[in-house]
2 protein chains.
Amino acid sequence: MSVQELVGYDKAAVRSILDAVRAEGRDSLTAPEGRAVVEAYGISTPGEGLAANPEDAVVLATRMGFPVVLKIVSPDILHKTEAGGVIVGVTDAAAAADAYRTIVRNAREYDPDARIAGVQVQQMLTAGHEVIIGAVSDPTFGKIVAFGLGGVLVEVLKDVTFRLAPTSPETARSMVEGIKAAEILRGVRGAEPADAEALAQLISRVSDLVTDFPEISEVDLNPVLATATSATAVDVRILVGAAAEPPARFTREEILASMNRIMRPASVAVIGASAEDGKIGNSVMKNLVNGGFAGKIHPVNPKASDILGLPAVAGINDIEGDVDVAIFAIPAKFVPAALEEAGAKGVAGAILIPSGFGETGNQELQDEVVAIARKHGVRILGPNIYGYYYTPQHLSATFCTPYDVPGGVALSSQSGGIGMAILGFSRSARMGVSAIVGVGNKADLDEDDLLTFFEDDEHTQLIAMHLEDLKDGRAFAETAQRVSKHKPVIVLKAGRTAEGARAAGSHTGALAGDDVVYDDILRESGVIRAPGLNDLLEYARGLPQLPTPKGENVVIITGAGGSGVLLSDACVDNGLSLMRIPEDLDQAFRAFIPPFGAAGNPVDITGGEPPSTYRNTIALGLEDPRIHALILGYWHTIVTPPMTFAELVVDVVDEFRARGIHKPIVASLSGDVEVEEAAEFLYRHGVVAYPYTTEKPVAVLGAKYRWARAAGLL
Amino acid sequence: MSVQELVGYDKAAVRSILDAVRAEGRDSLTAPEGRAVVEAYGISTPGEGLAANPEDAVVLATRMGFPVVLKIVSPDILHKTEAGGVIVGVTDAAAAADAYRTIVRNAREYDPDARIAGVQVQQMLTAGHEVIIGAVSDPTFGKIVAFGLGGVLVEVLKDVTFRLAPTSPETARSMVEGIKAAEILRGVRGAEPADAEALAQLISRVSDLVTDFPEISEVDLNPVLATATSATAVDVRILVGAAAEPPARFTREEILASMNRIMRPASVAVIGASAEDGKIGNSVMKNLVNGGFAGKIHPVNPKASDILGLPAVAGINDIEGDVDVAIFAIPAKFVPAALEEAGAKGVAGAILIPSGFGETGNQELQDEVVAIARKHGVRILGPNIYGYYYTPQHLSATFCTPYDVPGGVALSSQSGGIGMAILGFSRSARMGVSAIVGVGNKADLDEDDLLTFFEDDEHTQLIAMHLEDLKDGRAFAETAQRVSKHKPVIVLKAGRTAEGARAAGSHTGALAGDDVVYDDILRESGVIRAPGLNDLLEYARGLPQLPTPKGENVVIITGAGGSGVLLSDACVDNGLSLMRIPEDLDQAFRAFIPPFGAAGNPVDITGGEPPSTYRNTIALGLEDPRIHALILGYWHTIVTPPMTFAELVVDVVDEFRARGIHKPIVASLSGDVEVEEAAEFLYRHGVVAYPYTTEKPVAVLGAKYRWARAAGLL
């Protein structure tokens, strides 16, 4: 049952307050208005009320809960304490009635003429954990909620976490557990713990509130005081603004209909095809032809009759039959007219290679082009891109060089430079690729369209994306959450350190720096975030090589004790769990290693061992079902040279694969330059191996584990 | 003037308390003893005293400072408050005298027969910042002091920092400023700041105390309350134990005398030299001969007359003339007898390649060997090592393969496996190396001996060390502090995540995990810590290539906007400052780039530019004295292919070098595989360049900056 069903929100009360605020042209609510709004959503605030007699005081105090404080309310008594008009720490009904009488008597004695309006009863909040709960309208993700520890912790250490609103109860709980100092809320040094469930409910209520009333732009409950049994919003601040227009979206079916024609076209036209070397329209033609694209290729150029042996047409209309994709290799200013023609021809996708649009300040031209595309139902890729590759179709629709190593990795980049790095790395590492897509200005097609296509694409096993921003972060998050259940989604989010100051009217708003919000929401969506470009590329290359682990037990087998220590460090850095080796398994390992070797984990077989020792211990690691992943540390010796090691590993791994036993294995190779060849051989055979580094193989395994956990496979 | 000179420590008082504690066989001080000890070192504790009359009360209260609290002291009055025997918040002398009288009167009324011992006067500490200050005896570094924020911050977030005791005043201040939450002490949200100077003095006093009295094993001042004007130790806990024996040390002159003979021997003997392929004694001989060592090489083998064409002798005594180094390639059990002979022959160094000593549990044999070495004044390298290389002498005293690319990098490793990774990486990257040294078990020679030699070695510009522990951390720290002023010292400290639980009797002891102590003290010593093996190697390779920057202004010049964003991220990650480009410089850059390019920083020259644009902007970056370092982001295009870019960069850099202008330049190359060759070309010409990564070049520049700052060069 949702929080709303449990408590029943008084939406009408909120509506009327917000309408009144809007009617007065204000953009912030007064404290009592804010209080009334959150109370309408079942959020406790410190109780208070005016008692006209002792019985009133008892009723009020009992309702809000003891202890309470009572204070005289009189326009004629300024110094309440001096007048004996304040009694704190009232702990039961009888005392409340007494306190009422005492206060009124004291007031009458102090000033017999004073007009007495009654006695205010206020809840006294006993000490609790100070936390902040809030919500803002994020320009990328829409409504998001925030949770953090209050006071100096959030102020100085920025220990705060964000999620998309509305949150599920599980998500709200994950926020309470997800801050760095969460342990404080569980009660340390004998302190009372905070009521995590009450905090999670409060988060859910705030999240429901901003979802139900989109014009609420910021909410700050700061502080919220959390005791072992309650959570109360002491101060409430609410700002309102124009509700953001939700971005236009296509349905999954619409996206797939377009994307399938774009990625697997039967026929492409090259607008601006050229026979002249060095021209973009020439490079695109060469890559289509030389790349081996099997569909129809139509050069469009009014001044040519033949390009690369293919008959050229003057305009796209002159092409007989359907055209799925039009690739534009003409200057920006000629795009609108050509796009009108392509739209009329019924293309599914317009690949806008030219620059000179939004990125150079010419947003108007970009908007014009999008409007034309919308009119014709054409989807635009770009503008300002290198094009795209889709290897299952041998399609290299780009002015760069063709790529022809098919495989399971789909990559995209927002920047052409990064696209070239992807291409170069892929070629150098012979990474199997299904697609490389430039998204450039993302005037139309963006990452969630690509995700939607790659989700269903049988050739794609993993999606790796470089991005600087998201046009519609919520659509991306929702799509990624679905896709990442089946296929790893790796994201390099650039610009992460340019958090910048956001103009914000609330504390929550000030804390919601771009990067911290991206980080939390990408993680919530099951996305594996790569810390840098090289990590993006190495994760993309490595993850498809590794079978999904079936459990958390990682074992290191190493010939070099020194590597074992560094590999252990890397395990901790990457959130991997070194298995505690049970006694019987320890004995089993010991049977294979010299007496001065160390079993335990790492299993240190020592340096001078023959191939059989590596073989036996690795086989044991694969055989024992309690072990879920292996990290190998190889030490180059004369007794077991690099290629001998590599071949024996592949041999034993193949043997177990044949028996249906698949476990992720990574390796770090320490040795002279021959280890480079050995590492390549291992990699080609599904063992993610690197020379001269203990960090990289473990980082790739760690990324595989992060994905498997997020996808719920562990 | 030191703290001690300012305040005068009462060492006699401390001595007598510690003697009394020892006499009673205790290992911890009582609270009053602890208080007395720290007060003897000028550390304030909350004042308290017993007044026998109103005048006493006034004197006591005035001395300790107001406000105070007065309490009846009577064996017959258990419920002091009920008896009217407690008055809090006494703020001046008159009130103190009154309070004394009132309390005694109340007590007499309450119980006329009560025996009244007097009235206790206690200082009332007004709210302040809670911090922890402590000291422990660290097994590696000896006496160290700790500083952290108190309460849950240190408890949960472990926000604590350590330094060697004794500390200088500057070091003590750096601790107060060095914790993550230091901002809290400066006063946030209108809070009162803490008196940083008083805290620093308190740290110095604790540090002096444990230095003066080595038997004090742990000190906890927890909490210390710091106001804007004071710092008071509220609770004091002191533990004592046996004072640790300071490790034996050699003088700098002694170390250099031995190391110079070991690293630059005129004559070496190979004990266990062999003519048989595959034997370690054969590999060592081959490497010495084939490596081109120009000194005398004496194979020692009673069963051979000639090895690799060199006359063999039966024993080292049979060699005519002096022998500087004896390389042992015989089983462990034969080492003692052979070492006796070598010692008698007067060798300076015994290179113990064999394993089978401490690392396999045979500590006794290792101790025996060290004792023999000490007797003869021989220094031992190892045991359990691959040997060592010193390229200026063409000396490859190792069973691995020779290395012959001379250069300025000296490397050492504690593990043979890591040594092999060093060798392989060096060869693969053609890294110029002065020495590679295996230290293995470090039975004798260790990192501070190596540092001492490399400090003076004209062939060495940078020292890079892999280590798992330090035998004498204090000697290392002191040596590194001196050496790192002239030459970068890079350390990969392995085992950093195995912090483990240390049995500790104090809070400070429990916080002093191995790694956090290493981290703080290595930093204090000017050491650049490498996060991983590959970083160690890349820093070692890259730093000598880069001239030392003359200031903090870093400028990014990029052809790819996307790389610019990632390079900016990397700058923040690596503590680099992106220069704010002044208006005139911005205009100067704009003159060279297209109108839609972006000046500012990164300077985005845009992707399609010819070589001249790269050339002009880079030249401007080198010319303008306000710019101190350049980061280049190259984007592979047809207009400026990779090698064209690389050559123009080297050209313009050479031009400025010829004019005496040297600035560090690093480059990230995005493109197809040709960028690999271009990056290598750039690297060979002193521009630290990498393909497919924006992180690595910036990390190397960041390491150079960290060193330059620590060495006081910026």
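I superposed chain B on chain A: a rotation of 180° with 0.0 Å of shift along its axis does it, with an RMSD of 0.2 Å. This is the relation of a two-fold axis. I note that the model is a predicted one.

I then looked at the contact residues. Of those in chain B, 98% recur in chain A, so the same surface serves both copies.

Next I turned to a sheet in chain A. I found 4 strands in an open sheet, in the order S1-S4-S2-S3, with antiparallel pairing. Which strands stand at the edges? They are S1 (48–51) and S3 (86–90) of chain A; each has a single partner strand, so one side of each lacks a neighbour in the sheet. On average, neighbouring strands of this sheet are turned by 20° against each other, direction ignored.

I checked the pairing of S1(A) with S4 of chain A, residues 118–123: the two run antiparallel and are joined by 4 bridges. I looked up A:Gly49 and found that its bridge partner in S4(A) is A:Val121.

I asked what packs on the sheet. Helix H4 of chain A, residues 54–64, does, and it touches S1, S2 (68–73), S3 and S4 of chain A. The direction of H4 makes about 15° with that of S4(A).

Last, I looked at the nonpolar cores. In soluble globular proteins, nonpolar side chains tend to be buried together. The largest nonpolar core here has 426 residues. Those with the most contacts inside this core are A:Ala326, A:Ile327, A:Phe328, B:Ala326, B:Ile327 and B:Phe328. I followed A:Ala326: leaving out residues up to four places away in sequence, A:Ala326 touches several others, among them A:Ala269, A:Ile271, A:Ile316 and A:Val347.

Definitions and conventions:
Residues are numbered from 1 along each chain as its sequence is written. Chains are lettered from A and ligands numbered from 1 in the order in which they are written. This is a predicted model: local features need pLDDT of at least 70, side-chain atom pairs count only at pLDDT 80 or more; totals for chains, interfaces and linings use all residues. Two strands pair if DSSP finds at least two bridges between them. Axes are lines fitted to C-alpha atoms, for helices over the stretch in contact, and angles run from 0 to 180 degrees between N-to-C directions. Two residues are in contact if their C-beta atoms, placed from the backbone, lie within 7 Å. Copies are superposed by least squares on the C-alpha atoms of residues with pLDDT of at least 70 in both. A nonpolar core is a set of buried Ala, Val, Leu, Ile, Met, Phe, Trp, Tyr and Cys residues joined through C-beta atoms within 7 Å. A residue is buried if 20 or more other C-beta atoms lie within 10 Å of its own, exposed if 12 or fewer, and partly exposed in between; C-beta atoms are placed from the backbone.
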